[in-house]
Amino acid sequence: MALRIHNTLTRRVEEFAPIDPGHVRMYVCGITVYDVCHLGHARMNLAFDVIYRWLLASGWRVTYVRNITDIEDKIIRRAVERGITIRALTDEMIAAMHRDLGALKLLRPTHEPRATDYVPQMLGLIARLEDRKLAYRAAGGDVNFAVRRFPGYGKLSGKSIDELRAGERVAVLGDKEDPLDFVLWKAAKAEEPEDAKWASPYGPGRPGWHIECSAMSSALLGEPFDIHGGGQDLTFPHHENEIAQSEGASGAPFVHTWVHNGFLNIDDEKMSKSLGNFFTIEEVLRKFDGEAIRFFMLRTHYRSPFNFSDTLLDEARTALRRLYTALDAAGVDAPAGDAAASGTPSFVDWTEPRAAAFRAAMDDDFNTPGALAVLFELAGAVNRGAVADAALLRSLGGVLGILQ
């Protein structure tokens, strides 16, 4: 069975084939590095780590880009609060991010661009939008995207301009021509630190959030590219706005397949600092090891809502131990090196029936619960004396980044 992926743009599961045969180009919206990573970041990044691993295991060459947003209002405020430079803050938070995601056995992407390294490309994109009359300079110095001038706005989220008109009932903020318009370039404010400002044809300022991803993805992957991903919360407005500005500038399709992971809840409620159920990865790692957390998240399909609780995580840890118990009983040594960390697990004979069942699950929109069911079937066989199945159990676990 060929790989099939749910495409948010078309709202259906479709057979996937890369635009360039043999080479998949994938971009995922990364983290805004003003603080340490939380469980929502773990959920999103792990979902796309699994996708990355399966694309590699399927024999494709993959160029995986996951950006870092290192200039944004929250970053500026946090740096000012702490009395340090923006670069000092973002360097510290990027190091913490790598530590936390590394503990969950996430592979590093092919490219991890920082937004601040691509400001010239962002300005070039804004200039093309101006030339096409899709961007305008506001009186206060901002440059905005004119949403109503772009046909098809709302095709990703399924929101039409008419449905969004509720925003017109409030006063237009600043000097936008329309409440739906979004900023491409933010004019600098006098009270902002100098390291938050770049020179531009529009005066000193910094890029808007949406333009950052359009510029970085096209610079590193070209257009169109195969897969663009992120959390479900980014579908609108962030990814909708990316489509508008990218296709508005090029006049051509931007991305073939849009992939979004489901929301994370804590004890059946949305994670929120105000509810007191907000957890960082670092906090959870104090009680549970990274592989247990990874295994726990693999038990839920990436598009389904994910419910986190200590009880459920403890149950997952116990289940993971059952798989390790089977490996220990069979006396199968761990592979040389760390296959979970390298993304290159041991050779798998995909014609073997259990391996074929695992592959069928993963080819069905990355159905990790179905793939894990195969691992438990193998563990049961090992416990009943089929010691030879332990090597396949270890290898298939490596495809998912566990059991190494």
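Predicted model: local features only at pLDDT ≥ 70, side-chain atom pairs only at ≥ 80, totals over all residues.
R99 is partly exposed, at 44% relative accessible area. D100 is buried, at 2%. Salt bridges with shared partners also tie D70, R87, D91 and R114 into one network.

Next, pick R87 and D91 from that network. Both sit in helix α3 (residues 86-103), 4 residues apart, or about one turn of the helix. R87 is partly exposed, with a relative accessible area of 44%. D91 is partly exposed too, at 34%.

Now show R294 and D49. They meet in a salt bridge of 2.6 Å, N to O. This pair links distant parts of the chain: R294 belongs to helix α8, D49 to helix α1 (residues 39-57), and 245 residues separate them. Buried or exposed: which is R294? R294 is buried, with a relative accessible area of 0%. D49 counts as buried as well, at 1%. Across the model, the salt bridges number 27.

Move on to helix α9, residues 310-330. Its 21 residues reach 31 Å from first C-alpha to last, close to the expected 30 Å. Colour its buried residues: L313, A316, R317, A319, L320, L323, A326, L327 and A330. What do they pack against? Display α7 (281-285), α8 (290-298), β13 (306-308), α12 (368-383) and α13 (389-399) to see their partners.

Finish at G331. This residue comes just after α9 and takes a positive phi of about 70 degrees.

Terms used. Residues numbered from 1 in each chain as written. Heavy atoms only, no water. Helix = DSSP H or I, 4+ residues; strand = E, 2+ residues; numbered from the N terminus. Expected span 1.5 Å × (residues − 1). Buried < 20%, exposed > 50% of the residue type's maximum accessible area, 1.4 Å probe, protein only. Contact = heavy atoms within 4.5 Å. Salt bridge = Lys/Arg side-chain N within 4 Å of Asp/Glu carboxyl O.
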